[in-house]
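Student: I'm new to this one and would like a close look at a single part of it. Could you walk me through the charged side chains and how they pair up?

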Amino acid sequence: QQPDVVLAAVAAAAACSQGHTVRRHADGKTYKKPRRPFEKERLDAELKLVGEYGLRNKRELWRVQLVLMHTLLQSHNPCSHVSIPPQPPQVVLSKIRNAARTLLQHDEKDPKRIFEGQALMRRLYKYGLLNESQDKLDYALALRANDMLERRLQTLVFKQGLAKSIHHARVLIRQKHIR
């Protein structure tokens, strides 16, 4: 049975080698440090978000700003099944904005803008980042880290009143009282 699996993988790789690049190794980094480490306004805003949402450190905030659900690049890559196995969803907030920005540069009647724009908006509806009434790409550009942080289990447990504080919510989740 193993030769059949190998032959199928080779056939899939050959079919995908028609100009598409196959990424074999995933980058292990889950966050990106800011370019200017000592910018006062950014430091103050980050500290406020870390305290408001009960994050452990700023690295968690940077991770939210970079990676949360499945990357848009993998969803557009027809050969993604060859390179890496299915993983939990991770949305890249900055890549959502970049995709929306490039689609907005096309004409409104352009088929690429229509097709990919609808796919992007469906994905954002599915993840609960936008409402069905927010049907324009401009809303995707307006997404911020706050929108992602509002959807974390820790925040939802605190907002529903199951925990006394945002930090207590984190402890309850960590100790597996809430899953």
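Tutor: Let's start with a term we'll need: a residue counts as exposed when its relative accessible area is over 50%, as buried when that area is under 20%, and as partly exposed in between. Keep in mind that this is a predicted model.

With that in hand, take Lys-159. Its relative accessibility is 54%, so Lys-159 counts as exposed. This lysine forms a salt bridge with Glu-150, and the closest N and O atoms are 3.3 Å apart. Glu-150 is partly exposed, because its relative accessible area is 31%. There is also a network to look for: Arg-56, Glu-60, Arg-152 and Arg-170 are joined into one by salt bridges that share partners.

Why do such pairs turn up at all? Side chains of opposite charge can pair when their charged atoms come close. The cut-off used here is a side-chain nitrogen of Lys or Arg within 4 Å of a carboxyl oxygen of Asp or Glu. By that rule, you get a count of seven salt bridges.

Now move over to helix H2, which holds both Asp-44 and Lys-40. They sit four residues apart, about one turn of the helix, and their side chains meet in a salt bridge of 3.4 Å, N to O. Lys-40 has a relative accessible area of 56%, so it's exposed. Asp-44, at 43%, is partly exposed.

Glu-46 is in helix H2 as well, but with 4% relative accessibility it counts as buried. Its salt-bridge partner is Lys-58, with 3.7 Å between the closest N and O atoms. This pair links distant parts of the chain: Lys-58 belongs to helix H3 (residues 58-66), 12 residues away from Glu-46. As for Lys-58 itself, a relative accessible area of 26% makes it partly exposed.

Take Lys-29 as an example: at 49% relative accessibility, it counts as partly exposed. You'll find Lys-29 in the loop between helix H1 (2-16) and helix H2 (40-53).

Methods. Residues are numbered from 1 along each chain as its sequence is written. This is a predicted model: local features need pLDDT of at least 70, side-chain atom pairs count only at pLDDT 80 or more; totals for chains, interfaces and linings use all residues. Side-chain values use heavy atoms; hydrogens and water are left out. Helices (H or I, at least four residues) and strands (E, at least two) are DSSP runs, numbered from the N terminus. Buried means under 20% relative accessible area, exposed over 50%, partly exposed in between (1.4 Å probe, protein chains only).
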